[in-house]
Structure formats: C-alpha cells, structure tokens
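Subject: The structure you asked about

Hi,

Have a look at it first, then read on.

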Amino acid sequence: MKLTKRSFLALSAGTILAGTGAMAQDMPAPLDNPGEVQIALVRYLSTGDFFQAYLGGVERQAEALGVDLRVLDSRQDAALQSDMVDQAISLGVDGIIIQHGLTESMMAAAQRAVDAGIKVVAFDVNVENAAIPQIEQSDYLLGKLALEQAIADNGDAFKAGYVYVPGIAPLDRRDVAWQEVKEANPGIEEVAQFGTLDNPIANSVANQARSVLQANPDITVMFAPYDEFAKGVKIAVDEAGLGEDIDIYSADISTADIAAMREPGSAWVATVATNPAVVGEVSVRALAMMLAGEDPGASVIVPPTLITQDFLNDNDIANMDALSAAMPQFAHADVAVPDWMPLPARD
C-alpha cells in the first residue's frame with residue numbers, strides 16, 4: 001500500500017500500548033505469548049466522553065490480555081478511516097476493531113482485512129460481512145426504553161423534536177424504535193428533525209436546536225438518542241429558559257452527562273445506556289476469542305439500562321463509579337467471557 005502524507009501523519013498519531021496481561025500459560029495460542037499479538041482500533045468517532053470511556057475499556061482489556069494495541073483515529077474522515085484499515089493490514093496486526101464509520105466506506109476495507117487473514121470485529125458500524133461479528137449495545141433497545149419512559153412521563157400524545165443523522169449504524173437502529181413508537185402512538189407528532197456530527201458535536205447541535213425551538217414553541221419532548229446530541233439540545237433549552245417545559249430523552253451516559261442531568265431544573269430527564277468502558281472491554285474480548293479460534297457469535301450484545309434523573313438524584317450519584325456501584329450490571333457485562341479470559345483489575 002502506498003502511504004500518502006495524510007496517511008503517514010495519521011499513522012504517526014496512533015498510539016501503541018503494551019500490556020503485561022495474565023499468566024501466559026493460562027491462555028490459548030497465540031495469546032500465550034505476551035506482547036507477540038498486535039491489534040488495532042480504527043476509530044471514526046472519538047469526540048465526547050462516551051468515546052474516551054470506550055477507548056479506556058479497550059486499553060484496559062488489551063493490557064489484561066498482554067496484547068499490543070495501536071489506536072488509529074480518523075476524526076470522522078471516512079476516506080482516512082478506510083486508509084487506516086489498510087495501514088493496520090500493512091503493519092501485520094493480528095486483529096482489528098473497527099469502531100463506528102460509514103457502511104459504504106468500510107465494507108471494502110473490512111473485506112480487505114479479512115482477505116489478509118486478519119480477525120475483525122466491528123462496533124456500531126455495519127460492514128455487512130458474515131465473517132465479522134457486530135459488537136452492539138442493542139441500539140434498538142436503547143431507543144425503545146428511552147421512548148417508553150418518554151410516554152410514561154408525557155402520555156402518548158405530544159409534539160417532539162428528533163435529533164438524527166442517518167447512515168450511522170447505531171443511530172439508524174435507534175431510529176427504528178422511533179419510527180415504531182410513532183406508528184403505534186399516532187398522538188406523537190414529530191414537528192422537527194435535525195442533527196449533525198460536525199465537531200464540536202454538542203455546540204453544532206445546539207446551534208440547530210436554537211432555531212428549532214424558535215420555530216416550534218409547542219415542542220415538549222426532545223428525543224436525542226446520543227449524549228452529545230442531548231448536550232446540544234440542553235444548551236439551547238437552557239438558553240431559552242425552557243427547562244421546565246421540555247423533557248430530553250437520550251442514549252449513552254458519562255460523568256459529565258450525570259452532572260448535566262442533575263443540574264437544578266435540568267430538562268434532561270432520562271437516558272438509556274451501557275457503560276462505554278465495558279463495551280470497549282467486550283470488543284477486545286470478542287476479538288481475542290476469534291484470535292484463539294473461538295466464535296463469539298455473529299452479534300455480541302451488551303444489554304442497556306434505563307437511567308432516570310430521579311434515580312441519580314435519589315441515590316446522590318455524581319459519577320460513573322457511583323453509578324456502577326448502584327447498578328452492578330454497569331460495572332461488568334458477562335459477555336464474551338470464556339474461562340481462560342483475563343479481565344481488567346477492578347478498583
């Protein structure tokens with residue numbers, strides 16, 4: 001592969017992390033040789049707390065396994081992400097995690113990796129390849145649980161704003177839930193749809209939300225099924241002084257999100273989430289199983305949990321550690337954990 005200036009700079013920005021891992025004799029080949037296995041995380045999205053926590057989980061699980069991890073970050077450049085898969089192939093890595101991205105730009109790149117004999121898993125991007133397991137948060141369920149809470153809080157008839165960017169696999173799966181809920185509840189009226197992934201995402205969405213709120217003063221519910229979307233909507237709602245008039249329902253969570261939800265008079269009343277760090281760990285574990293000749297399954301699903309503002313306030317939860325303590329399922333998912341799999345140390 002020819003390395004362009006752009007790809008060389010991107011490659012230079014990648015990080016390599018080496019871990020000590022568990023006792024080598026406890027693990028199957030090739031993982032029984034610490035430091036000999038290389039994996040790459042090829043990222044499309046990296047802005048926001050969710051993605052930093054996800055990366056942290058990937059790093060911790062890679063360290064527990066004793067594998068070398070290279071992180072390549074395309075910063076939402078679809079062509080560059082495809083190039084980075086080729087870079088990982090040329091480096092001779094044993095496995096690749098593709099994290100988000102566009103189906104049309106990643107299908108061929110993912111197939112090239114498979115053709116090169118590299119094991120591949122994909123998180124929240126559909127590469128339409130039967131050889132590549134999909135790591136998922138059950139995005140449909142994330143959307144469905146949030147909307148069920150919206151109906152419980154607001155009834156089955158309200159005017160809603162909807163934040164959505166098509167073509168991103170997790171958002172598309174959450175959109176299925178939105179379409180189903182609207183069809184089943186004719187009283188729910190979508191009066192505005194907007195959304196962008198332009199960086200910084202929250203500020204860009206806030207700019208859009210300001211105009212939407214001015215044009216649609218009768219909106220009482222905002223469905224923003226990604227926490228950066230919810231942050232942006234909340235900025236606009238706060239500026240308009242509408243915190244008591246609008247409820248925001250989202251997906252994903254972080255310590256910053258918890259603080260935003262717990263602000264006095266916050267419009268952000270519920271989110272549905274998995275622990276992104278746990279999802280990162282599961283992504284690495286599924287790839288490690290493939291390297292060991294085991295099958296993690298075509299779809300590796302980490303189940304989500306509904307988290308309400310009331311729950312956070314009632315339990316005085318201030319951060320992700322406290323949330324994990326209050327919700328044990330948040331600290332660990334018993335997914336892709338064969339007997340030989342070492343897990344990251346817990347505090």
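Let's begin with a glycine: Gly293 is exposed, with a relative accessible area of 67%. By "exposed" I mean over 50% relative accessible area, by "buried" under 20%, and "partly exposed" is in between (1.4 Å probe, protein chains only). Gly293 sits in the loop that links H10 and strand E12 (299-301). From Tyr54 it is 239 residues away in sequence and 25 Å away in space, C-alpha to C-alpha.

Before you go further, some housekeeping. This is a predicted model, in which local features need pLDDT of at least 70 and side-chain atom pairs count only at pLDDT 80 or more, while totals for chains, interfaces and linings use all residues. Residues are numbered from 1 along each chain as its sequence is written, and side-chain values use heavy atoms, with hydrogens and water left out. The helix and strand names follow DSSP runs (H or I, at least four residues, for helices; E, at least two, for strands), numbered from the N terminus.

**The six-stranded sheet**

There is an open sheet of six strands in the order E8-E7-E9-E10-E11-E13, with mixed pairing. Two strands count as paired if DSSP finds at least two bridges between them. E8 and E13 are the edge strands with a single partner each, so one side of each has no neighbour in the sheet. On average, neighbouring strands are turned by 20° against each other, direction ignored. (For angles, axes are lines fitted to C-alpha atoms, for helices over the stretch in contact; angles between N-to-C directions run from 0 to 180 degrees.)

Two helices pack on this sheet. H6 touches E7, E8, E9 and strand E10 (247-251), and its direction makes about 150° with that of E8. Helix H7 (residues 201-215) touches E7, E8 and E9, at about 135° to the direction of E8. Contact here means heavy atoms within 4.5 Å.

Strand E7 (residues 158-163) has five of its six residues buried, so the rest of the structure largely encloses it. On one pairing, E7 runs parallel to strand E8 (residues 188-194) over six bridges, with Tyr162 opposite Gln193. On another, three bridges join E7 to strand E9 (residues 221-224), also in parallel, and there Tyr162 stands opposite Phe223. E7, helix H6 (residues 169-184) and E8 form a right-handed β-α-β unit; right-handed means that, with the strands pointing away from the viewer, the path from the first strand over the helix to the second runs clockwise.

Further along the sheet, E11 and E13 run antiparallel and are joined by four bridges. Thr271 is opposite Ile307 in that pair.

**Another set of strands**

Strand E5 (residues 119-123) is mostly covered, with four of its five residues buried. Strand E4 (residues 95-99) pairs with E5 in parallel over five bridges, and Val120 is the bridge partner of Ile96. Between E4 and E5 the chain passes through helix H4 (residues 103-115) in a right-handed β-α-β crossover. E5 is also joined to strand E6 (residues 134-136) by two bridges, in parallel, with Phe123 opposite Ile135.

**Cores and buried residues**

What makes up the largest nonpolar core? It has 97 residues, and those with the most contacts inside it are Leu65, Met222, Phe229, Val233, Leu323 and Trp340. The largest share, ten residues, comes from helix H10 (residues 276-291). Apart from this core lies another, of 20 residues, including Ile96, Ile98, Ala109 and Ile118. A nonpolar core is a set of buried Ala, Val, Leu, Ile, Met, Phe, Trp, Tyr and Cys residues joined through side-chain atoms within 4.5 Å.

Is Lys234 buried or exposed? Lys234 is buried, with a relative accessible area of 6%, and it belongs to helix H8. Leaving aside neighbours within four places in sequence, Lys234 contacts Ile248, Ala260, Glu263, Ser266 and Trp268.

Lastly, helix H9 (residues 255-262) has Asp257, Ile258, Ala260 and Met261 as its buried residues. They lie on the same side of H9, because they cover an arc of only 165° around the axis, taken from the directions from the helix axis to the C-beta atoms. Their cover includes helix H8 (227-240), strand E11 (268-273), strand E13 (305-308), helix H11 (309-314) and helix H12 (320-326).

Cheers
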